[in-house]
Amino acid sequence: MEQAGLGVSDAWERLAMHRPKGKLAAVVVVLSCFVGGDRVASATQVMLQDGRVLKGKLGRVSGMAEQPKAISAEGGPVDLIRFLDDDLRRTFFPVRQIKDIGPDPPGEALEKFRIRQRTLQGGRGVKSVGSILRITPFDEYGRRTFSMNTVQGKVDVVQGITEITPEWTKVEGITHVWDMRIATSSIPQPILAAILARQCKKGDIEDRKKVARFYLQAERYEAAAKELDALLAEHPGDAKLQQEIGQAKEAIRQMGNRRLLAELELRAKAGQHRLVLEKLKAFPSEGVSGETLQAVREMIRAYENHEKVRAEVLGQFDALVEKIADKEMVKRIAPLRKEIGEELSIDTMDRMAAFREMLGDPGMQPGEKVALAITGWLLGSKGASNRLSGAVSLYEVRKLVQRYLAAGDKLSREQIRGEFQSEAVTVEQVARLIAHMKPPVETPAPANPAEPYLLEVPGLGTSPAVKYLVQLPPEYHPHRRYPTIVTLHGAGTTPEQQIDWWAGAITEGGFRFGQASRHGYIVVAPQWTVEHQKQYGFTAREQAAVLDSLQDACRRFSIDTDRVFLSGHSMGGDAAWDIGLAYPHLWAGVIPIVAQSDRYCAFSIDNGKLVPMYFVNGGLDGNKMNANAREWDRYMTERTVTL
C-alpha cells in the first residue's frame, strides 16, 4: 500500500508530536487493516513508560507472526509482547514498556449505525493491497470504488460501509471479499450527513436524536447543533422537545467552547500567538461557562501583560543608554537596540531576565545594566555580564560566527576563523551565541506563504543536485526552535505529496490545517530518489540526499536538532528504517510507514537502543507483516535497555 493512511494517521502522529521522555527504545507497531477471527480481552487502559496512554482490548503474542490471543489466566508460552485493539487498529508494544495496566473507565455507549449492503461473503477476495491508483468518495449509499494496481493489472473493488461509529467505520467488499476499518473522522461531513440521513425513518424523532448523539460523540459539535436545529424546525409545536433540545444545544455550545479553548492553548504552545490572540478577542462571551470564560480572560491578560513588559523593557533600556557618557559607545549600541526592538517577543523575553532583575539595583551603573540586556540578548540570561565593552564586542563576534557558518567553502571559513584571534571570546560564549542567534543563511520566502520553499544541495560526487522542500509552520519565527519532520516519499509519489500529508493541503483561503501546522512543526521533504526509482537501493547517494538536505535546512531555518523525526512511506519507509539506524544520533524518533526491513537493518539493532521507533503497517500490505516479523520480534523482546 503506497500511502497507508486509511484512518491510522491520528494514532502514530501523536508520537511525532512530542519529544519522547527519557531514553527508551520504544517500538510500537500499528496495523491499519482489520484482522478478524481471534479473541481479545475486555476494554483496558495501558500507560507506557514514556507517559502515553493507550486504550482498547488487551491481547498478547509471543511473536509478531503469530495469531494474537486474548489475555487469559491459563498462562501459556512466554509472552513479551502485548497489543491493544481499539477496533480501528492494533498497537503492539513490549511488556517492558508497560508502566501500569487498569480497566478503561466506563463511558457512554457509542452510537452505531448498521447499513445493509450486498457484500460478498465468499469467492474472490483481497489478500494483498497493491499500489493505490484511485479511491472515489463515498456516495450517499456508503459505497465507493477502490482501484489498485496488481500483478493482474488494475483491479476495481467496490466497497460499502456496513457499520459506522463515532470513532471507526467498517467497510466491506461488494465485488470482492474484504473487511477493513477506517477512521470516521476521515469521512467529510457532507458525505457522512448524506449517509446517515438515509438511515433515519422519515419523521422519526428518535432516529434524529441518535444522529445528533453520534455527532456529539464524534466531537462534530457544529453538525450536532445543525441536526438539532433541523429537528426543532420540523416539530415547532412540541414544547417538551423544544426544552430538551434547548438543554442539549447549551451543553454542545459549552463543549465546543472548551474544544476551541484547548485548540488555542495548543496553538499558543506552537508559537502561533497572533492567531491565538485574534481568536481570544473574538471568543463568545454569552452562554460560556464561567470556568472557560475565566481561562480565556487569563490568556488575554497574559498577552496584554507581555506587551506591557516589552514596552517597559525597551523604554528602560533607552533611558539607561541616554545616561551613558561615551557617545562612541552609544553609537555602537544603536544597531543592537534596533535588533532587540524588532525581535523582542514572547519567545525571547526570557533573555531579559537578568536585566529586569537588576534594574532596581542602585549599586550598578547605567552602562552595566545595559550590558546585562545586551549580553542576555546575545547569550541568554544565564550568560549575562555587566561589562559593556565586552557586550558590544560580542555583537561583533556574532557577525563573524554568522559569516563563518554561512560560508560555502573551506577557504572562506579558514580566513574568517583567523579573524577570531583578535577577539577575546571563549568557546562557551561562541556556543551560547550560536544557540541564541538566527540561522546564518538568509533564504528568500516564497511569494505565497502557504507554499513550501524549493531548495537544493549538491549531489554526492558526480550525482545531480538534490532538490528538497521545506514547509514552515504558521507564524514561523527564527528565534524559536522548531521540532522537525524529515519525510521521505515512496515510489510513484512526490515530496509535494509528503508536505500535504503532514502539513495539510493548501485550502482556498491559503492555509494548511494539517497536524504539522497545528503543532508547529517544520516539514522537510527531499527528492531523494532518481527518476523511475522503484525501491530503496541502500546507497551512499540516497543517504547523502537525505542528510545533506537536513544539514542545509538547519543552516537556513530554526530547527531544534534535539527534536528531528525521520519518517517515510513505502520505499521511503525502507530508507527511513535504514537511515534511522545508521545515524541514530540525529533522530528523536523514526517512523517507518508500510516499510520492509532489508539488508543492514538486521545488523544495526544495537544502533537503535536509544532511538524510539514507531512502525505503521497494513495487515494486507503485501507480505510485509511476515517479512518484518523477525526484526519486530527482536525489537520487542530483546532487552536492549535497562528500565
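Strands are DSSP runs of E spanning at least two residues, numbered from the N terminus. The views below are taken from a predicted model.

**Figure 1. Arg 599 in the loop between strand 19 and strand 20.** Strand 19 covers residues 589–593 and strand 20 covers residues 613–617, and Arg 599 is placed in the loop between them. The phi angle of Arg 599 is positive, at about 45 degrees, although the residue is not a glycine. Most residues other than glycine have a negative phi. Arg 599 has a relative accessibility of 45% and therefore counts as partly exposed.

**Figure 2. Asp 87 in the loop between strand 5 and strand 6.** This loop joins the views of strand 5 (81–85) and strand 6 (90–94), with Asp 87 located between the two. Asp 87 is a residue other than glycine with a positive phi, near 80 degrees. Its relative accessibility is 26%, so Asp 87 counts as partly exposed.

**Figure 3. The contact of helix 5 with helix 7.** The crossing of helix 5 past helix 7 is left-handed. Helix 5 contributes Asn 257, Arg 258, Leu 261, Leu 264, Glu 265 and Ala 268 to the contact, while helix 7 contributes Thr 292, Ala 295, Val 296, Met 299 and Tyr 303. Of the residues in this contact, seven are nonpolar, two are polar and two are charged.

**Figure 4. The two faces of strand 14 and its pairing with strand 15.** In strand 14 (residues 453–457), Tyr 453, Leu 455 and Val 457 form the covered face, whereas Leu 454 and Glu 456 form the uncovered one. Strand 14 pairs with strand 15 (residues 466–471) in the antiparallel sense, over five bridges. Glu 456, on the uncovered face, has Lys 467 of strand 15 as its bridge partner.

**Figure 5. Pro 105 in the loop between strand 7 and strand 8.** The loop holding Pro 105 lies between strand 7 (98–103) and strand 8 (113–114). With a relative accessibility of 52%, Pro 105 counts as exposed, because the cut-off for that class is over 50%. Pro 105 and Met 625 are separated by 520 residues in sequence, and the C-alpha to C-alpha separation of Pro 105 and Met 625 in space is 32 Å.

Technical notes
Residues numbered from 1 in each chain as written. Predicted model: local features only at pLDDT ≥ 70, side-chain atom pairs only at ≥ 80, totals over all residues. Heavy atoms only, no water. Left-handed = near helix turned anticlockwise from the far one by under 90°. Helix = DSSP H or I, 4+ residues; strand = E, 2+ residues; numbered from the N terminus. Contact = heavy atoms within 4.5 Å. Nonpolar A, V, L, I, M, F, W, Y, C, P; charged D, E, K, R; others polar. Buried < 20%, exposed > 50% of the residue type's maximum accessible area, 1.4 Å probe, protein only. Pairing = 2+ DSSP bridges.
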